Amino acid sequence: MVIFGFESYGGPSAARFIEVDEPAPQPGHVLIEVEATAVNPGDIKVRSGQRQGAFPVAFPMAMGREAAGRVVAAPDGAFPPGTRVFGAAAAGFGTFAPRALLAAESVAEVPEGVSSAAAACVPVAVGTAYDALADLHLQRGQTLLVLGAGGGVGTAALQLAHSAGAHTVGVASESKRDVVEAAGAVFVRSGPGWPQRALAAAGIPDAVLDLVGGEALTAGAALGSDTRPAGAGDAIPFAQALRDMRLISAADPERAAQLGGSGIRRRRSAEVYAKLAALLASGALEVSIGRRFHFSQADRAVAAVEGGHAAGKVVVYM
């Protein structure tokens with residue numbers, strides 16, 4: 001079969017269509033016919049080699065970490081063949097392929113009324129948002145600020161927090177205003193002066209979820225310190241105290257820890273995924289899909305995410 005993957009670490013040119021043997025059923029894995037998979041920034045970090053030692057890779061390997069499709073084979077008959085399921089890729093395997101192996105402990109059934117495209121976005125983006133909010137312990141009426149709010153994780157976090165009764169604020173580029181506001185959040189334009197705009201829009205947040213890292217994360221931490229930004233374009237000083245504001249980062253956990261926050265503790269499991277899929281089925285949660293590409297255009301799908309301008313999730317379908 002043909003996968004879209006890589007045989008060595010590198011930039012965009014390292015990924016291409018490659019002929020490989022079809023995966024065989026294995027204990028602890030669920031083999032599926034892929035109907036949809038999603039592109040995530042983490043896929044690009046794996047391909048580039050930034051996650052060597054932290055993420056298992058077996059060359060040649062397909063890109064992609066999550067998928068939905070029809071069961072071909074499942075251990076102990078957990079899912080009859082033909083059942084529509086979704087889940088996370090098994091270690092050392094990817095999902096940009098006609099057939100893929102999912103980690104059995106992560107696999108859940110796709111509920112009626114939920115598309116394979118939406119289900120394929122749950123394990124990474126929606127799962128990360130769920131994990132982050134579990135760590136932040138937001139209470140009804142408190143305010144969550146999300147940095148880099150226009151992507152899959154950000155829009156899911158805004159929706160989940162909003163539905164739980166929190167006030168939500170999303171910092172993103174102007175091109176992502178619609179998806180941020182559709183998630184029930186106050187939109188704040190990113191770029192120079194965003195901390196001032198955020199404070200003016202919603203005051204000091206109770207919690208910050210960072211999906212950008214770097215100086216944006218430092219600026220977000222400063223919102224909860226005793227040092228206030230003086231004017232648009234001014235450098236934001238290193239936060240000395242976070243008061244009661246909670247800070248968590250998916251993009252830059254080391255810097256978050258230096259600033260008094262943390263990374264995200266993962267809670268990925270079939271039970272969590274089934275709970276999130278039920279929210280999709282009920283209409284309480286929607287996956288914001290910005291662009292869809294056929295598998296033959298997988299390179300364009302990855303480029304759309306790598307360029308940093310994709311609003312919502314980018315999905316690849318078969």
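**Figure 1. Helices and strands of the predicted chain.** The chain of this predicted model holds 10 helices and 15 strands, where helices (H or I, at least four residues) and strands (E, at least two) are DSSP runs numbered from the N terminus. Its radius of gyration is 20 Å, close to the 20 Å that the globule rule gives for 318 residues, so the chain is as compact as a globular protein of that length. The radius is taken over C-alpha atoms, and the rule is 2.2 Å times the number of residues to the power 0.38. Along the principal axes, the C-alpha atoms fill a box of roughly 60 × 40 × 30 Å. Of the 318 residues, 52% are buried; buried means under 20% relative accessible area, exposed over 50%, and partly exposed in between (1.4 Å probe, protein chains only). Residues are numbered from 1 along each chain as its sequence is written, and side-chain values use heavy atoms, with hydrogens and water left out. Local features need pLDDT of at least 70 and side-chain atom pairs count only at pLDDT 80 or more, while totals for chains, interfaces and linings use all residues.

**Figure 2. The second largest pocket.** This pocket holds about 230 Å³ of space and is lined by 19 residues. Met-1, Val-20, Asp-21, Pro-23 and Phe-93 lie nearest its centre. The elements that give two or more residues to the lining are β4 (61–62) and β7 (99–103); β7 gives the most, with three residues. By class, the lining has 13 nonpolar, three polar and three charged residues. Ala, Val, Leu, Ile, Met, Phe, Trp, Tyr, Cys and Pro count as nonpolar, Asp, Glu, Lys and Arg as charged, and the others, Gly among them, as polar. On a 1 Å grid over the protein atoms alone, a pocket is an open set of points where a 1.4 Å probe fits, with protein on both sides within 12 Å along at least five of seven lines; lining residues have an atom within 4 Å of a point. Grid points are joined across faces, edges and corners, and the volume is the space filled by probe spheres set on the points.

Figure 3. Gly-150 is found in the loop between β9 (143–147) and α4 (152–163). This glycine counts as buried because its relative accessibility is 1%. Apart from neighbours within four places in sequence, Gly-150 is in contact (heavy atoms within 4.5 Å) with Thr-155, Ala-172, Lys-176, Val-179, Val-180, Ala-310, Ala-311 and Gly-312. Gly-290 is 140 residues from Gly-150 in sequence and 9.9 Å away in space, C-alpha to C-alpha.

**Figure 4. Surroundings of Ile-289.** Ile-289 belongs to strand β14 (residues 289–294). With a relative accessible area of 22%, Ile-289 is partly exposed. Leaving aside neighbours within four places in sequence, its contacts are Ala-117, Ala-118, Lys-313 and Val-315.

Figure 5. Most residues other than glycine have a negative phi, and most peptide bonds are trans. A cis peptide bond joins Phe-59 and Pro-60, with omega about -10 degrees; Pro-60 sits in the loop between α1 (41–48) and β4. Asp-76, in the loop between β5 (66–73) and β6 (84–88), has a positive phi near 60 degrees. Asp-76 is exposed, its relative accessible area being 84%. His-137 also has a positive phi, near 50 degrees, and lies in the loop between α3 (122–136) and β9. At 52% relative accessibility, His-137 counts as exposed.
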